[in-house]
Structure formats: structure tokens, C-alpha cells
Amino acid sequence: MARKQVFTKHRSLFDRNVPGTTAVLAKKTVAVAGCGGLGSTAAIALVRAGVGHLIIADFDRVEASNLNRQQYFTGDIGRKKTAALSAHLKKINPSLKIVCVDKMLGPKDIQKLFTKADLMIEAFDRAESKQWLIEAWTQAFPDRPVICGNGLAGIGNTETLRVVKFSDNVYFCGDGKSDMSIGLCSARVAIVANMQANTAISLLVQK
Amino acid sequence: MISVNDQKIGWHPGMTAGDALREAGLEFPHLVLSIDGAVVPNNEIEDRALEDGASVNVMLIAHGG
């Protein structure tokens, strides 16, 4: 494809965006902690909306059992999740600036790794990890939002899913109680992930 | 009087956030707690003193992501 055609094609990526949002989102940086069902799905929604910079973090590799709800393909099995997701996101928007963090995060990493992030999408699977991330983020960046996934397992019960503003900059998306021990379904996980992304986009364009 | 997730609970001198959780029946392995909008680190909840009129918010955390 000729260079001019590529440029024209990419420039029109966001033609159907809500007016006034594209230029704002292009300058924003969003951190995504965890690239599983929530993180991979939210990241795709954010990039499609026009967020220009992402920092994605995960220590894990893609397994076959992930494919029922996470945004990977059979050819990704065995790849680092950050590398696979980064490649998929760049196919959506080749101009995306993305930083991959391939490590198991701990509380001491937050200030150092996410200094440039305007907002955090919490997408861990373990409750204790969600807990420390919220604590570490609110201590490091009290004026920046953290949007958490909490209660996304099972099927149906869409009416129990909601966004709760917990404190000035802490939001929870989900039903607040369903635990992954009952099983995870792509549709319900994706609803919660997109609630996180939608909340993030809304906050970013307001600022 | 304090509130825990909008539930009114009697306050007493020396009352801590840990006491408030037990009185509200909200003991749970994983939760996030804020007092007047500020998140309290988990390892400080048990001993964090509450003032009369405090607004305590608690979110129970489920596994899954």
C-alpha cells in the first residue's frame, strides 16, 4: 500500500468518535495492570477510542485456557501476554505508543513505573493484588483515578453490574461479589472490562 | 455516631476502623476501606482511630480479572 494511502487510512480511524474526544485522548496515557480478561479487553476499547499512550503490565504467558475470555488467539499461546497484546493493539492503531512491563508487579513498582500515567485500569485476578494496587496507587497518585474490576464471574445477571465511585479517585466496576471460583464467561467479563474502559474515557475527556 | 456504608453505628472513644468493621458485620478476607474519602492501607485498618462523625466506606473485593 502506498504511504499516502496508509496515512489517510489511519487518520480516518477516529472519524466516528464522539466529537471533541479524539485530540484529547490522543495525548493521554493509561496504565493497565494485568492483561487477562479485563485488561486485554479494556486495552482494546481504549485504543479503539483513541487513547494514544498505554503502559501494559503482566508477567504471564498466554495459555489455551485464557482464550475463552481474553483477547488472544491460538497463535499467541506461549507468548508473553504483553507482547501479544501489544502486537494486536498496534494492528488497531499503528501510531499507538505502548510500553510493556513484563514482570510481576509489587507495591514498590507503582510510583516508578506509572509516573506518566493519567489513570490506572486495575485488571488483576487475585483479590489481594487488587487490594494492594488500590492502596499503592492512591498513595502514589492521590489525584489520578484508579478504575477497578470487582465481581465479574458467572453468566447472566447483567443488571447487578454497576460502576461505583468509592472515593474521589477510586471506582469499582462489577457486581462486587461474584468470585472466579464459579467460572468465567467472556461476555460478562467483557461487559465489566468495557465498563472500566468507558469510565476511563469519560474521566479522561472531562479533565 | 459514625456511618459504615450508610449504616449508622454508635461511636465510642478509642473506636478503630477494625471495631467499626466488626460492628457492621463486614469482616471479609479482602476489602478496601476509606475514611472520609481517603483509602486506608490494609495493615493500618485494625488500629486506625475513628473520630465521631466519620464516614467509613468499605468495598469487599472478589477474585477475578
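Tutor: In this predicted model, strand β3 (residues 31-35) of chain B pairs with β4(B) in the antiparallel sense, over 3 bridges. Within this part of the sheet, Ala38(B) in β4(B) is the bridge partner of Ile35(B). The two strands belong to an open sheet of 5 strands, with mixed pairing and the order β2-β1-β5-β3-β4 in chain B. At the edges stand β2 (7-9) and β4 (38-40) of chain B; each has a single partner strand, so one side of each is left without a neighbour in the sheet. On average, and with direction ignored, neighbouring strands of this sheet are turned by 30° against each other.

A helix accompanies the sheet. Helix α1 (residues 17-24) of chain B lies across β1 (2-4), β2, β3, β4 and β5 of chain B, and its direction makes an angle of about 120° with β2(B).

Strand β5 (residues 55-60) of chain B contains Asn57(B). Asn57(B) has 21 other C-beta atoms within 10 Å and is therefore buried, the threshold being 20 or more. Apart from neighbours within four places in sequence, the contacts of Asn57(B) are Asn5(B) and Ser34(B) in chain B, together with Phe166(A) and Ser167(A) in chain A. Asn57(B) is also 8.1 Å from Ser3(B), C-alpha to C-alpha, although 54 residues separate the two in sequence.

Definitions and conventions: Residues numbered from 1 in each chain as written. Chains lettered and ligands numbered in written order. Predicted model: local features only at pLDDT ≥ 70, side-chain atom pairs only at ≥ 80, totals over all residues. Helix = DSSP H or I, 4+ residues; strand = E, 2+ residues; numbered from the N terminus. Buried ≥ 20, exposed ≤ 12 C-beta atoms within 10 Å, placed from the backbone. Contact = placed C-beta atoms within 7 Å. Pairing = 2+ DSSP bridges. Axes fitted to C-alpha atoms, helices over the stretch in contact; angles between N-to-C directions.
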